[in-house]
Amino acid sequence: MRKIYAGKTKDVFALDNGNYRLIFKDDVTGENGVIDPGANTVGLSITGIGKKNLMVSVMFFEMLENAGIETHYISADMENAAMDVKPAKSFGKGLEIICRYRATGSFLRRYGSYVKEGDKLNAYVEVTLKDDERGDPLVTVEGLEALGIMSASQFAEIKASTQKISSLIRDLIQKKGLELYDIKLEFGLDDDGKVMLIDEISSGNMRVYKDGKIMEPLDLTAALLAN
């Protein structure tokens, strides 16, 4: 296999069969030794967290597959922290799709004069461009069309899929006595031009609260993997 991309938390390899292999690292995003899922830099390394993030991702991908939702997931090798996936074409240079159930994080920082921490948002979907240098700017559907990144119909499909996927994940999390505040997803196009869910789904992609307090990613990972 051939290494084609070195990411902050995963490396990507091209396989001879046309698929790709994601190798999950023990690096996590953050600053000054503090974990922050929304950070654009690697903050620290935690032994074994790569395998645990893979385990959580596989759990969610298999749940979504059983629900008939198209994803890039093929199989996983837990021992080597590896996940094989279908090839996918990104929208532009990459987008992050966020589904918000309650006001927190960057949403609260932007719109704090209109909402308070924890206000309900009814599965509000927003899109940011993956651009570390420019702070991952928000973009509207009109902006996506103007920039040639995606059509309005593609956005409508992704919005509906985001809300469906997020609802399934929220239901699973609720069964563990936890509450999903927001979640970040990524989508791409398969070889036939169909939209599918890509990347990973782990504690670093979501904010989850327990008894009104946000859970640290490591605690959330442990809770998600607990029987």
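**Core and helix packing**

Guide: The largest nonpolar core has 46 residues. Phe 91, Ile 169, Phe 187, Ile 201 and Met 206 have the most contacts inside this core. Keep in mind that this is a predicted model. In soluble globular proteins, nonpolar side chains tend to be buried together.

Take Phe 187. Leaving aside neighbours within four places in sequence, Phe 187 is in contact with Phe 91, Ile 97, Ile 158, Ser 161, Thr 162, Ile 165, Val 195, Met 196, Leu 197 and Ile 198.

Now turn to helix α1, residues 49-66. One partner is helix α4, residues 152-174. The two pack at an angle of about 120°, with axes 11 Å apart. The crossing of α1 past α4 is right-handed. From α1 come Met 59, Phe 60, Met 63 and Leu 64. They meet Ile 165, Leu 168, Ile 169 and Leu 172 of α4. By class, this contact has 8 nonpolar residues, no polar and no charged.

Another partner of α1 is helix α5, residues 217-225. Their axes come within 10 Å and cross at roughly 50°. α1 and α5 are therefore oblique to each other. Here the crossing is left-handed. On the α1 side, the contact is made by Ile 49, Lys 52, Asn 53, Met 55, Val 56, Met 59 and Phe 60. On the α5 side, Leu 218, Thr 221, Leu 224 and Leu 225 take part. The contact of α1 with α5 has 8 nonpolar, 2 polar and 1 charged residues.

Key
Residues numbered from 1 in each chain as written. Predicted model: local features only at pLDDT ≥ 70, side-chain atom pairs only at ≥ 80, totals over all residues. Heavy atoms only, no water. Core = buried A, V, L, I, M, F, W, Y, C linked by side-chain atoms within 4.5 Å. Buried < 20%, exposed > 50% of the residue type's maximum accessible area, 1.4 Å probe, protein only. Contact = heavy atoms within 4.5 Å. Axes fitted to C-alpha atoms, helices over the stretch in contact; angles between N-to-C directions. Helix = DSSP H or I, 4+ residues; strand = E, 2+ residues; numbered from the N terminus. Parallel < 35°, antiparallel > 145°, perpendicular 65-115°, else oblique. Left-handed = near helix turned anticlockwise from the far one by under 90°. Nonpolar A, V, L, I, M, F, W, Y, C, P; charged D, E, K, R; others polar.
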